[in-house]
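Here are a few notes to read with the structure open beside you. Take them one at a time and find each residue as you go.

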Amino acid sequence: KTNPLPGAIRVLHELGANAEVVSHFELWLALELGVLPEKIIYNGPAKTEESLHIAVSNNVKLINIDGFAEMDIIDSFARRYELKQQVGVRVVTSVGWNSKFGFSIKSGDAFRAFRKIKRLENVIPCGLHFHLGTAISDPGPYALAVKEALEFSVLLRNKLGITIKYFDFGGGFNT
């Protein structure tokens with residue numbers, strides 16, 4: 001993730017590493033270096049319409065959605081290419097960054113986001129993502145955030161029939 005050195009990226013992917021990209025450039029570079037789209041997760045709050053077009057037209061493995069506007073854009077591109085695009089939703093838990101990006105579980109925004117995505121014809125909701133922050137040295141917040149995300153996934157299954165296949169628990173754990 002976020003390594004701009006083509007030589008290092010190429011070696012990692014030759015060894016079987018997947019790619020989690022967070023910008024138009026990183027998405028372009030991963031594809032340019034031959035990373036298979038089914039090994040790419042597109043993440044981050046600064047996705048442009050053009051980069052979403054590239055991601056969907058290549059049918060990357062997963063796009064983690066950070067805002068309501070991305071949903072219709074992804075669905076529109078997926079319809080154009082007659083495919084089903086897998087998506088995740090960035091959720092905000094009770095710990096870590098609390099409202100900068102994503103959808104709050106507590107406020108109900110995360111549930112509303114999944115309910116909207118479920119109604120889109122060319123989008124498959126199947127992932128949950130959170131990012132707690134940077135330089136976190138206490139594992140306690142991670143344990144609580146994971147608990148909340150797992151409980152939320154049960155709610156999604158029970159209330160909306162959505163099964164979460166991909167859990168992307170990010171953040172800067174200070175090792």
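Before we start: two residues are in contact when they have heavy atoms within 4.5 Å of each other. Also keep in mind that this is a predicted model.

1. Let's begin with Gln-86, which sits in strand E4 (residues 85-92). Is Gln-86 buried or exposed? Its relative accessible area is 16%, and buried means under 20%, so Gln-86 counts as buried.

2. What does Gln-86 touch, once its neighbours within four places in sequence are set aside? The contacts are Lys-61, Leu-62, Ile-63, Ile-124, Cys-126, Lys-165 and Tyr-166. The Gln-86 side chain reaches the backbone oxygen of Lys-61 at 2.9 Å, and it makes a polar contact with the side chain of Lys-165, at 2.9 Å.

3. Now for the largest nonpolar core, which has 43 residues. Ile-63 is among those with the most contacts inside this core, and so are Phe-114 and Leu-156. Helix H6 (residues 140-160) gives the most to the core, with six residues. Ignoring neighbours within four places in sequence, Leu-156 is in contact with Phe-111, Phe-114, Gly-161, Ile-162 and Ile-164.

4. Have a look at helix H2 (residues 24-32) too. Its buried residues are Glu-26, Leu-27, Leu-29 and Ala-30. They lie on the same side of H2, because they cover an arc of only 165° around the axis. These residues pack against helix H1 (6-14), strand E1 (19-21), strand E2 (40-42) and helix H3 (49-57). After H2 comes Gly-34, with a positive phi near 90°.

Notes
Residues numbered from 1 in each chain as written. Predicted model: local features only at pLDDT ≥ 70, side-chain atom pairs only at ≥ 80, totals over all residues. Heavy atoms only, no water. Core = buried A, V, L, I, M, F, W, Y, C linked by side-chain atoms within 4.5 Å. Buried < 20%, exposed > 50% of the residue type's maximum accessible area, 1.4 Å probe, protein only. Helix = DSSP H or I, 4+ residues; strand = E, 2+ residues; numbered from the N terminus. Arc of directions from axis to C-beta. Polar contact = N/O pair within 3.5 Å; in protein donor to acceptor, adjacent residues only side chain to side chain.
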